[in-house]
Amino acid sequence: MDFKKVLEGHKNKTCIISVERFSDGNYGNIRIVEGNKAHYDDMLKTIKHPFVPDSPYEQYFPMNKNFEDFCYRASFMGQPLHTYVELPRMGLWLNMFLIPLESEEENIGYCLYTYDVKPFVDSEQQASLSADTSTAVLQTCIKLRGASDIRTTFNEVLEDIRELCDSDNCCILLLDNMERKCVTFGEAIKPESGLRQMDTYYDEEFYELCETWKATLGDSSSIIIKDDQDREWLESVNPEWYKSLCDAGVRTIVLLPLNYNDELLGYMWATNFNVEDTVKIKETLEITSFFVASEIANYILLQKLGVLSAMDMLTGVMNRNAMNNDVDAIASGKGDIEPPYAVVFADLNGLKRVNDEQGHSEGDRTLKMAADILGGVFPGSKIYRAGGDEFVAMVRWLDEAEIERRVRVLQDQADATENVRFAVGTCMVREGDDIRKAMQIADEKMYTNKQEYYALYPEKKYR
């Protein structure tokens with residue numbers, strides 16, 4: 001074959017790739033046989049030395065199992081292929097086309113490879129999908145955009161993806177790098193597969209295993225393990241993960257990272273999928289993961305904002321806004337606390353004196369210490385900073401006698417500090433009682449206790 005003649009007229013970066021096939025159907029060496037002028041110029045620019053024809057492809061392109069699979073499919077299965085993928089480590093986007101070529105050699109196949117690399121995403125290229133893929137991705141986007149319960153909707157989306165892949169399991173796993181743990185964001189399991197839910201595998205060792213996936217991915221947009229050759233490769237580069245897949249009954253897997261704004265949120269995968277649809281599955285999941293990562297990032301942001309809007313940033317307990325919302329919910333019968341429970345008002349005595357004499361930084365430290373003492377005496381209770389020096393606790397599962405005992409413990413622990421002194425008022429809320437009336441009673445009792453304190457220490461009230 002006259003390779004140079006085949007390349008004539010190709011303006012874009014183009015080369016001819018050869019693939020060696022063994023008798024068992026596996027492929028061997030993949031080489032760049034020849035290139036056009038644009039390819040030669042690109043190699044000189046990026047690799048910094050001239051291109052040498054008939055060289056192993058990995059001397060010029062990053063090693064990539066998905067690329068090798070595409071070359072094999074084009075060369076020996078006669079499949080014309082196109083994909084548009086990110087090269088995460090290089091910060092580039094690759095637009096590539098592979099066209100099958102005739103070969104006179106039984107064990108050597110050829111394909112024409114045309115490519116373009118840019119440092120930014122091209123939305124038009126990203127949207128240039130097959131009709132089936134476009135439909136699947138569009139259905140996912142519509143479901144996610146219209147979701148009122150995002151977690152339930154993600155499970156429905158994952159079931160759709162599982163059915164599209166004809167797989168046993170489809171899962172989204174998020175990484176909590178601060179706590180070093182994994183969290184299942186959604187999962188779909190084929191009922192007859194016999195697979196365990198992912199939650200049953202999670203421990204610190206599993207998190208450490210997940211940390212190895214990034215290196216295994218390298219500069220690939222996905223990992224696809226579909227046959228014995230892929231399994232042998234995985235065993236050679238990540239034997240621990242390979243063993244865990246075998247132990248879990250996983251024969252095939254396609255795994256994709258969920259990246260958003262250069263942050264790795266987690267991974268999405270499908271296991272024991274229909275390998276005959278590998279190319280379609282790869283294309284669909286790569287584009288779907290782009291939108292899935294975006295929706296998850298938005299969900300995480302909203303969750304963080306929700307926490308921040310309900311939290312007192314100084315003490316770490318909930319704020320007055322959260323308290324008002326919870327009281328409204330309880331009053332309407334929609335709260336997450338049921339009678340009997342106690343309302344405890346705890347107001348700091350002498351905080352103004354601390355601020356005036358020792359500075360506001362010491363006053364802040366006193367508030368933090370007060371919140372910590374309350375949390376320790378009433379563990380598991382909802383504690384709010386209702387005002388500048390006022391705290392409220394909703395205490396469940398304790399009777400009135402135990403509440404009184406805990407209040408004495410609270411006062412004793414406060415007295416053991418330099419500046420924390422509590423005025424406390426309590427009220428039990430029983431079936432049929434009005435939460436707002438109970439809060440009023442507890443507030444009045446707290447005020448009475450405060451007056452008693454200042455009667456004993458009048459100098460602390462005004463200084």
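This is a predicted model: local features need pLDDT of at least 70, side-chain atom pairs count only at pLDDT 80 or more; totals for chains, interfaces and linings use all residues.
**Entry 1: helix α2**

I began with α2, which spans residues 37-47, and asked which of its residues are buried. I found H39, D42 and M43. Looking around the axis, I saw that these three cover an arc of only 100°, so they sit on the same side of α2. I then turned to the other side of the helix, where K37 and K45 are exposed.

Next I looked up what covers the buried residues of α2, and the list includes the strands β1 (13-21), β2 (27-35) and β6 (108-118). I also checked what comes after the helix: K48 follows α2, and its phi is positive, near 75°.

**Entry 2: helix α7**

I moved on to α7, residues 204-211, and noted F206, Y207, L209 and C210 as its buried residues. Viewed down the axis of α7, they fall within an arc of 155°, so they line one face of the helix.

What covers that buried set? I listed both strands and helices, including β7 (169-176), β8 (181-189), α8 (213-217), α10 (239-247) and β11 (263-271).

I took a look at the start of α7 too. There, D203 places a side-chain oxygen within 3.1 Å of the backbone nitrogen of E205.

**Entry 3: C210 and C182**

How many disulfides does the structure hold? My count came back as zero. C182 is in no disulfide, and the nearest cysteine sulfur to its own belongs to C210, 3.8 Å away.

Buried or exposed, I wondered, is C182? It is buried, with a relative accessible area of 9%. C210 also counts as buried, at 1% relative accessibility.

**Entry 4: a five-stranded sheet**

I finished with an open sheet of five strands, and wrote down its order as β12-β14-β15-β13-β16, with mixed pairing. Its edge strands are β12 (318-319) and β16 (422-429), each pairing on one side only.

I followed β16 to its partner. Strand β13 (residues 341-348) runs antiparallel to β16, and eight bridges join the two. Within this part of the sheet, I noted A346 opposite V424 of β16.

Note on methods: Residues are numbered from 1 along each chain as its sequence is written. Side-chain values use heavy atoms; hydrogens and water are left out. Buried means under 20% relative accessible area, exposed over 50%, partly exposed in between (1.4 Å probe, protein chains only). Helices (H or I, at least four residues) and strands (E, at least two) are DSSP runs, numbered from the N terminus. The arc is that of the directions from the helix axis to the C-beta atoms. Contact means heavy atoms within 4.5 Å. A polar contact is a pair of N or O atoms within 3.5 Å; within protein, one must be able to donate a hydrogen and the other to accept it, and residues adjacent in sequence count only if both atoms are side-chain atoms. A disulfide is a pair of cysteine sulfur atoms within 2.5 Å. Two strands pair if DSSP finds at least two bridges between them.
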